[in-house]
Amino acid sequence: MKILYVASFGGHWVQLLRLSELITADESVFVSTWGQHNKAASYYLEDFSVRELWAGLRQLPKALRIVKICNPDLIVSTGAAPGLLMLFAGFLLRRKTLWVDSIANSQRLSLSCRAAQRFATRTLTQWPQLETRRVHYLGKLL
């Protein structure tokens, strides 16, 4: 199984790396932001907020190209908006996708998670009290 892991640099990236250690894959490819500080990824997107819709849509062709080039069986993201964009690209190209909401969101699901639950194959929270019919709890990454 080939997995495309996607997260913004920082806490999302740390959670993604921990998650990748728990999943057995034949091949793992990483996508992140802030390439000048994060040399561990193979592909990079510009960072943006989920509230900056145009900044994200401007990068949709690049996200689609990355998914087509990598041809993953599964796309996994721990956030934030660039991860959501890559999951949406995967949705458009009929790939399986997994969104894991950040552990920082203990009181309410993030806006990105609420959007991801509309098209992601599976959506997870790291807090049991936030579990819903469409967002499941399997444990914490940290």
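This talk walks through a predicted model, from its sheet to its helices and aromatic rings.

Some ground rules. Residues are numbered from 1 along each chain as its sequence is written, and side-chain values use heavy atoms, with hydrogens and water left out. Because the model is predicted, local features need pLDDT of at least 70 and side-chain atom pairs count only at pLDDT 80 or more, while totals for chains, interfaces and linings use all residues.

Start with the sheet. Seven strands form an open sheet, with parallel pairing. The order is S3-S2-S1-S4-S5-S6-S7. Strands here are DSSP runs of E, at least two residues; helices are runs of H or I, at least four; both are numbered from the N terminus. Two strands pair if DSSP finds at least two bridges between them. At the edges sit strand S3 (43–45) and strand S7 (135–137), and each pairs on one side only. From one strand to the next, the twist averages 25°. Axes are lines fitted to C-alpha atoms, for helices over the stretch in contact, and angles run from 0 to 180 degrees between N-to-C directions.

Now strand S1. S1 covers residues 2–7 and pairs with S2, residues 27–33, in the parallel sense over five bridges. Lys-2 stands opposite Glu-27 in S2. How many of the six residues of S1 are buried? Six of six. Buried means under 20% relative accessible area, exposed means over 50%, and partly exposed is in between, with a 1.4 Å probe and protein chains only. Both faces of S1 are covered. Lys-2, Leu-4 and Val-6 are buried on one side. Ile-3, Tyr-5 and Ala-7 are buried on the other. In general, side chains in a regular strand alternate between the two faces of the sheet.

Move along to S4 and S5. They run parallel, joined by four bridges. Ser-77 stands opposite Trp-99 in S5. Four of the five residues of S5 are buried, so S5 is largely enclosed by the rest of the structure.

Trp-99 also brings in Thr-121. The two are 22 residues apart in sequence and 8.3 Å apart in space, C-alpha to C-alpha. Thr-121 lies in the loop between H5 and S6. Leaving aside residues up to four places away in sequence, Thr-121 touches Arg-95, Lys-96 and Thr-97. Contact means heavy atoms within 4.5 Å.

Next, helix H1. H1 has twelve residues. End to end, from first C-alpha to last, H1 reaches 17 Å, close to the 16 Å expected at 1.5 Å a residue. That expected span is 1.5 Å times one less than the number of residues. Which residues of H1 are buried? Trp-13, Gln-15, Leu-16, Leu-19 and Ser-20. Seen down the axis, the buried residues of H1 fall within an arc of 160°, so they line one face of the helix. The arc is that of the directions from the helix axis to the C-beta atoms. On the other side of H1, Glu-21 and Leu-22 are exposed. The buried residues of H1 pack against S1, S2, S4 and S5.

Look at Gln-15 in H1. Its relative accessibility is 4%, so Gln-15 counts as buried. Beyond residues up to four places away in sequence, Gln-15 touches several others, including Thr-78, Asp-101, Gln-126 and Leu-141.

On to helix H4. Its twelve residues should span 16 Å at 1.5 Å a residue, and its end C-alpha atoms are 17 Å apart, which agrees. H4 is mostly covered, with nine of its twelve residues buried. Among them are Pro-82, Leu-84, Met-86 and Gly-90. After H4 comes Arg-94, whose phi is positive, near 60°.

Last, the aromatic rings. The structure holds five aromatic pairs. Rings of Phe, Tyr and Trp (its six-membered ring) pair if their centres lie within 6.5 Å; planes under 30 degrees apart count as stacked, over 60 as edge-to-face, and the rest as tilted. Phe-91 and Phe-119 form a tilted pair, 5.7 Å centre to centre with 45° between the planes. This pair links distant parts of the chain, 28 residues apart: Phe-91 is in H4, and Phe-119 is in the loop between H5 and S6. Buried or partly exposed? Phe-91 is partly exposed at 41% relative accessible area, whereas Phe-119 is buried at 17%. Elsewhere, Tyr-5, Trp-13 and Phe-30 form one aromatic cluster.
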